[in-house]
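Here is a quick walk through a fold, from its overall layout down to individual side chains. Have the viewer open as you read.

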Amino acid sequence: MQMSSVLNTSWGFSLAVAGGVVVGVGLIGAIAELVFPRGKPSVRDVSSVAEMKQIIAENERVVVHCGSMQYEPCQIVQPYFLELSAEFSNIKFLYADIDRMNKDFKDITKVPTFRMFYKGQFINEISGADIENIMAALSELSSQ
């Protein structure tokens, strides 16, 4: 697998990124390609609000993980978010780093925050790393 970059955190958590898409997750500095039974995982790392808005406009269902890999809850939830992207293949999964895009996400008070969009319109927001709540919200979005 060719990787364009690897994002490492102080907690020993790594993300393999190729073409702006998270393609692998590793622990303790090792990058391991994940195998999922339901499909290929895909989380796109957006670098600007303009890019994010364009993707939201072009896709019927979108979820944006607004987070920061310097915070443990975001590190913990990211592998699950990646796995959920394979399970909910009719939803476009995005990651927006609030540290890198801080001027655009001043309204985020808790990380991780997950924002859901349907046909370009904001419909729901989940804050915190409760996987069951995130899954329930994604199930609802997926069935719309």
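Predicted model: local features only at pLDDT ≥ 70, side-chain atom pairs only at ≥ 80, totals over all residues.

Residues are numbered from 1 along each chain as its sequence is written, and side-chain values use heavy atoms, with hydrogens and water left out.

**Overall layout**

The protein has three helices and eight strands; these are DSSP runs numbered from the N terminus, with helices being H or I of at least four residues and strands being E of at least two. Going along the sequence, the order is β-β-β-β-α-β-α-β-β-β-α. Of the 144 residues, 44% are buried, where buried means under 20% relative accessible area, exposed means over 50%, and partly exposed is in between (1.4 Å probe, protein chains only).

The accessible surface comes to about 7,600 Å², and carbon and sulfur atoms own 50% of that. Those areas come from the Shrake-Rupley method with a 1.4 Å probe, and for residues only the protein chains shown count as cover. As for contacts (heavy atoms within 4.5 Å), take those with a separation of 6 or more: 57% of them involve residues 24 or more positions apart.

How many of the six residues of β7 are buried? Six of the six are, so the strand is largely enclosed by the rest of the structure. In a regular strand the side chains alternate between the two faces of the sheet. Here T113, R115 and F117 point one way from β7, F114, M116 and Y118 point the other way, and all are buried.

Pairing of two strands takes at least two bridges between them in DSSP. β7 pairs with β5 (residues 61–67) in the antiparallel sense over six bridges, and C66 stands opposite T113 of β7. β7 also pairs with β8, again antiparallel and over six bridges, with I126 in β8 as the bridge partner of F114. β7 and β8 make a hairpin with two residues between them, and K119 in that turn has a positive phi of about 50 degrees.

**Salt bridges**

Count a salt bridge when a side-chain nitrogen of Lys or Arg is within 4 Å of a carboxyl oxygen of Asp or Glu, and you get five of them.

| Pair | N to O distance |
|---|---|
| R44 and E51 | 2.8 Å |
| D45 and R100 | 2.8 Å |
| R115 and E125 | 2.7 Å |

Start with R44 and E51: R44 is partly exposed at 29% relative accessible area, whereas E51 is buried at 16%.

Next, D45 and R100 meet in a salt bridge. D45 sits in strand β4 (residues 43–46) and R100 in the loop between β6 (92–97) and β7 (113–118), so the pair ties together parts that are 55 residues apart in sequence. D45 is buried at 14% relative accessibility, while R100 is partly exposed at 44%.

Then there's the salt bridge between R115 and E125. The pair links distant parts of the chain, with R115 in strand β7 and E125 in strand β8 (residues 121–127), ten residues apart. R115 is buried at 14%, and E125 is partly exposed at 36%. D107 joins R115 and E125 in a network of salt bridges.

**Cysteines**

A disulfide is a covalent bond between the sulfur atoms of two cysteines. With the cut-off set at cysteine sulfur atoms within 2.5 Å, the count is zero. C66 is in no disulfide, and its nearest cysteine sulfur, that of C74, is 9.6 Å away. C66 is buried at 1% relative accessible area, and C74 is buried at 0%.

**Helix α2**

Which residue's side chain makes a polar contact with Q78? That would be H65, at 2.8 Å; a polar contact is a pair of N or O atoms within 3.5 Å, where within protein one must be able to donate a hydrogen and the other to accept it, and residues adjacent in sequence count only if both atoms are side-chain atoms. Q78 lies in helix α2 (residues 72–87) and is buried, with a relative accessible area of 1%.

I76 is in helix α2 too, but is partly exposed at 47%. Its C-alpha atom is 9.8 Å from that of P112, a residue 36 positions away along the chain.
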